[in-house]
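Hello,

Here is the structure I promised to pass on. Please have a look at it first, and then read my notes below.

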Amino acid sequence: MSTRPIKAGDLLRLDRAASVQFCRPITVRVIREITDRQTFDGWAWIEVYELDGRGDAVAKRELFVQPAGLRWLNARAGERPTVSRSAPIATRPRVPA
C-alpha cells in the first residue's frame with residue numbers, strides 16, 4: 001500500500017491503525033520524520049508535538065507508527081486546528097510552539 005510522505009507541519013490523528021499504543025486517539029503536528037533510525041518494514045519514527053483540544057502543543061514526543069495507518073487532518077494555512085476529544089488529557093507542561 002502506498003502512503004503519502006510525512007512532512008513537517010502535517011496535522012495527524014493517531015489511533016490504533018497507526019499503532020496499538022494509541023488506545024485513545026491523539027492529534028499531533030509533525031516536526032519531522034526521523035529517517036536515520038532503523039525500523040521494521042512498514043514502520044517509521046516521527047517527532048511531533050501532541051496537541052490539546054484547542055490545537056496548542058502540550059508535549060513533544062517521538063513516536064513509532066505505521067504510515068499506512070496515519071490519518072491526515074486538514075487545517076487551513078495559518079489556522080489553528082480545532083480538535084475534539086472524548087477524554088480529558090492529563091495535565092502536562094506546555095511546550096512552546
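**What I found**

The protein exposes about 6400 Å², and carbon and sulfur atoms supply 49% of that area (Shrake-Rupley method, 1.4 Å probe; for residues, only the protein chains shown count as cover). Please keep in mind that this is a predicted model, where local features need pLDDT of at least 70, side-chain atom pairs count only at pLDDT 80 or more, and totals for chains, interfaces and linings use all residues. Residues are numbered from 1 along each chain as its sequence is written, and side-chain values use heavy atoms, with hydrogens and water left out.

The protein has 5 strands and 0 helices (DSSP runs numbered from the N terminus: E of at least two residues for strands, H or I of at least four for helices). An open sheet of 5 strands runs in the order β4-β3-β2-β1-β5 with antiparallel pairing (two strands pair if DSSP finds at least two bridges between them). Its edge strands, β4 (57-65) and β5 (71-72), each pair on one side only. Strand β1 (residues 11-14) is joined to β2 (residues 26-34) by 4 bridges, and Leu-12 stands opposite Val-28 in β2.

Asp-56 sits in the loop between β3 (44-51) and β4. Why does Asp-56 count as buried? Because its relative accessibility is 8% (buried is under 20%, exposed over 50%, partly exposed in between, with a 1.4 Å probe and protein chains only). Overall, 38% of the 97 residues are buried.

Best wishes
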